[in-house]
Amino acid sequence: MPGTPVSPASPEASEPFGHPVAGSATTRRQALVGGAVTLGAAALGGALGAPSAFAAVPRGPVITEPFSLGVASGDPRHDGVVLWTRLAPDPLAEDGLGGMPDRTVEVEWQVSHREDFSTLAASGTVETGPEQAHSVHVELEHLRPRADYFYRFRVGNEISPVGRTRTAPVPGTRLDRFAFAFASCQSYTHGHYTAQAHLADEDLDLVAFLGDYIYETGDQGEIGRGHFPGREVRSLAEYRIRHAQYKTDHNLQAAHAAFPWAVVFDDHELENNWADDTSYGEDVPPEEFLLRREHALKSYYEHMPLRAAQRPAGPDLHLYRRLTFGNLVDMHLLDTRQYRDAQVEDSERDDPERTLLGADQRRWLSRGLADSTATWNVLAQQVFFSQRDFAEGAATNFSNDAWDNYRVERDGVRDELAGVSNPVVLTGDVHANYVVDVKADFDDEYSATVATELVGTSFTSGRDGVEQNPGDAVQLAENPHIRFINRNRGYVRNTVTPTEWTADYRVVDYVSEPGAPIRDRARFVIDSGSPGVRPQK
């Protein structure tokens, strides 16, 4: 359970753990990217001195270097955020427990307006143990709205890297600017996390990650970043190891430590193209697949900055939720996996009973859209929303893993979006950048544009990427509502104001080696009150 915060009104109610070593020339950015694991010990431990009044009392053997997976924050509200870490001195230990002892451990946490933690805004302790893989989730409350905070953890004399986070504005209050990025699909074996390093240097209020945080395969790749274990993961221990392997990357740690994230999963956090209780690739009974799903979703929660409301119960995890940023943005985060009907052939896609969202989530979304008073309404979700025909000429060929396979429900959501203020759909999954006009009738290119879909490429999945594939010319010809396709790697940075939304498609030219520079491949602007985009040079 979360520790109890010290009142922000009395920030000196507990002492800091210690202060940075005077005269250190290492910047926070360098520490996070170049040596996140050693920041606590090197930058803070030398001046630690006596433990604070709230220090954990070590029981049994001393735990050394427990913060190998870094720190993170997520799901900001106007009065707080979630803080996360996981204790793992040996993150790839074969039992999936990260090299931690089989006992409960007390973890201290501190939050400050100052990076040197000379005064505290909140602090407390939380217990964690092997049942949750020694992961830590602290739900902060009573913080100031739209404020920057620094945070850190301690176990005994071991101090974590320092993270930075930001609370949201009070819902309904005037907000003139909201900056965020969205990204997805970061295969560890396909590329170096260069884009994540560049992401950490942005000035953002939030990162929305739209799925495929890990990949379940045994792929070894070609760049010396093979999956461990070298097989498809299925057990709880194996999923924990896979998440830990991804989290050991210092560039990913830096991106997490720089801003709060809002995360949703797609398929590879469990298995390719899974649907509800049905495996896409294996003929296994639902009860067997649900046990695997339980392992995958438990491990997912253990490694993400999610609230207790998202803690899984068996194979179920309540992922869909809403974040509000002043009067400017309502972000509706969707789950397009747990409740969907299994994929079918194109001939069956028009069945009106087919659902991607499930009845409860569908009602929740409808109510949220109807009640929203925000200037911009955002669906942050996983799979391609708009119609996408891959076949040339009179024939048709649609993806069976996207909204096209659930056409009636998709069209119903589209029609509801047409009635709200400035709807924008954010999408991951397809390892490519797209910009799409969401049409009132996808089969009539002259019908009204009712929303905009922005699709982001992968961080690394698909390897180095190219400008376009040969088949993209067919897509553009058969789907005139698709305005742009690009297949480099990177992320999409968005700057939202009351009058316009600017989307910068930021790409790197290679991920097979580290060090690629970042560049702006394209920029598009959506004007408030006018669905559709204006390309910018």
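Trainee: How many bridges join strand S9 to S10?

Mentor: This is a predicted model, where local features need pLDDT of at least 70, side-chain atom pairs count only at pLDDT 80 or more, and totals for chains, interfaces and linings use all residues. Residues are numbered from 1 along each chain as its sequence is written, and side-chain values use heavy atoms, with hydrogens and water left out. Strands are DSSP runs of E, at least two residues, helices are runs of H or I, at least four, both numbered from the N terminus, and two strands pair if DSSP finds at least two bridges between them. S9 (residues 178–183) and S10 run parallel, and the bridges joining them number 4.

Trainee: In S10, which residue is the bridge partner of Ala181?

Mentor: The chain crosses from S9 through helix H3 (residues 194–200) to S10. Ala181 has its bridge partner in S10, and that partner is Val207.

Trainee: In S11, which residue is the bridge partner of Val207?

Mentor: S10 and strand S11 (residues 261–263) run parallel, joined by 3 bridges. In S11, Val207 is partnered by Trp261.

Trainee: Are the rings of Phe209 and Trp261 stacked or edge-to-face?

Mentor: Rings of Phe, Tyr and Trp (its six-membered ring) pair if their centres lie within 6.5 Å; planes under 30 degrees apart count as stacked, over 60 as edge-to-face and the rest as tilted. Here the centres are 5.9 Å apart and the planes at 20 degrees, so the pair of Phe209 and Trp261 is stacked.

Trainee: Is Phe209 buried or exposed?

Mentor: Buried means under 20% relative accessible area, exposed over 50%, partly exposed in between (1.4 Å probe, protein chains only). Phe209 has a relative accessible area of 0%, so Phe209 is buried.

Note on methods: Right-handed = clockwise from strand over helix to strand, strands pointing away.
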